[in-house]
Amino acid sequence: MTADALVYHPTVSHYLRFVATTVGRDKLLRTLQYFSRFYAWYLFRTNTPPRLIAPFEAIKKQFALTRKALRLGKNVEHFKAAASAMDDTKAKDEFLRYCAIGRQLGYAMYLTLDMATYVDTAGIWKLESAKRLQKEAYRAWFVGLLFNAIAGAYTLWGLRQSEAGIDKADGEGVVESKKIERERAATNLQLISDLCDLTIPSSALGYASLDDGIVGLAGTVSSLIGVWGTWKKTA
């Protein structure tokens, strides 16, 4: 009976739906990858023997390679999203539309360049231009994240403006206020995720002097936010 209760528990069904998605698996691998990056740094800083650090270094490298394979072909999705944003002439806010175009094109170029380096990273075929391509990929990712962060900050400003004009003594005003609160919470969470992710290309490109501890922790936080978001979507 206990085994049946566990097997047929709703959480188990929810978990299966979660891991059935490529995004769900990617977010879990990403969390472990960046936590391993942080923990390997921490162990090194505390003079831990190399044999104890090695497993976390291996997780960091192997999971990064696995995730790179999972991303193959995903650039098409973002090119299509960019084209859709360009064609959306009826958008309520032109500034957010342009931010969406910039974000999607940044992500699309990042995934295209990242895909080109896969054969080198996987040891299939060595490319002399692999380091340069990876650097350009990080630059494109940085641009995409920056557009998304700007859009988030702009959205929060717009929500404050909208909230200021609401009469909370009115029934409709209360409903609208709660709607704004939910939207603000979602926007804040996404903005935190974007700011955390910005540490990764910023460090790789030399825009900021950040060690693996900071980058690893920031990546872990944004990954957990992604896990939570995907978990809710598969409920």
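Thr48 sits in the loop that links helix H3 (22–45) to helix H4 (50–70), where helices are DSSP runs of H or I with at least four residues, numbered from the N terminus. This is a predicted model, in which local features need pLDDT of at least 70 and side-chain atom pairs count only at pLDDT 80 or more, while totals for chains, interfaces and linings use all residues. Residues are numbered from 1 along each chain as its sequence is written, and side-chain values use heavy atoms, with hydrogens and water left out.

With a relative accessible area of 17%, Thr48 is buried, a word that stands for under 20% relative accessible area, computed with a 1.4 Å probe on protein chains only. The side chain of Thr48 is joined to that of Thr46 by a polar contact of 3.2 Å; such a contact is a pair of N or O atoms within 3.5 Å, of which, within protein, one must be able to donate a hydrogen and the other to accept it, and residues adjacent in sequence count only if both atoms are side-chain atoms. Apart from neighbours within four places in sequence, Thr48 is in contact with Leu43 and Ile53, contact being heavy atoms within 4.5 Å.

Tyr118 belongs to helix H7 (residues 118–121) and counts as buried at 18% relative accessibility. Although Tyr118 and Lys68 are 50 residues apart in sequence, their C-alpha atoms are 6.9 Å apart in space. Residues up to four places away in sequence not being counted, Tyr118 touches Leu65, Lys68, Ala69, Leu72 and Ile124.

For helix H10 (residues 212–233), the 22 residues should span 32 Å at 1.5 Å a residue, and the end C-alpha atoms, 31 Å apart, agree with this; the expected span is 1.5 Å times one less than the number of residues. At the start of H10, the backbone nitrogen of Gly213 has a side-chain oxygen of Asp211 within 3.0 Å. The buried residues of H10 include Gly213, Val215, Ile225 and Thr230, and what covers the buried residues of H10 includes helix H2 (10–19), H3 and H9.

Finally, the second largest pocket is lined by 22 residues, of which Leu96, Thr155, Leu159, Glu183 and Thr187 lie nearest its centre. A pocket is an open set of points on a 1 Å grid over the protein atoms alone, where a 1.4 Å probe fits, with protein on both sides within 12 Å along at least five of seven lines, and lining residues have an atom within 4 Å of a point. Helix H8 (130–164) and helix H9 (171–205) each supply at least two residues of this lining, and the largest share, 10 residues, comes from H8.

How values were computed. Buried < 20%, exposed > 50% of the residue type's maximum accessible area, 1.4 Å probe, protein only.
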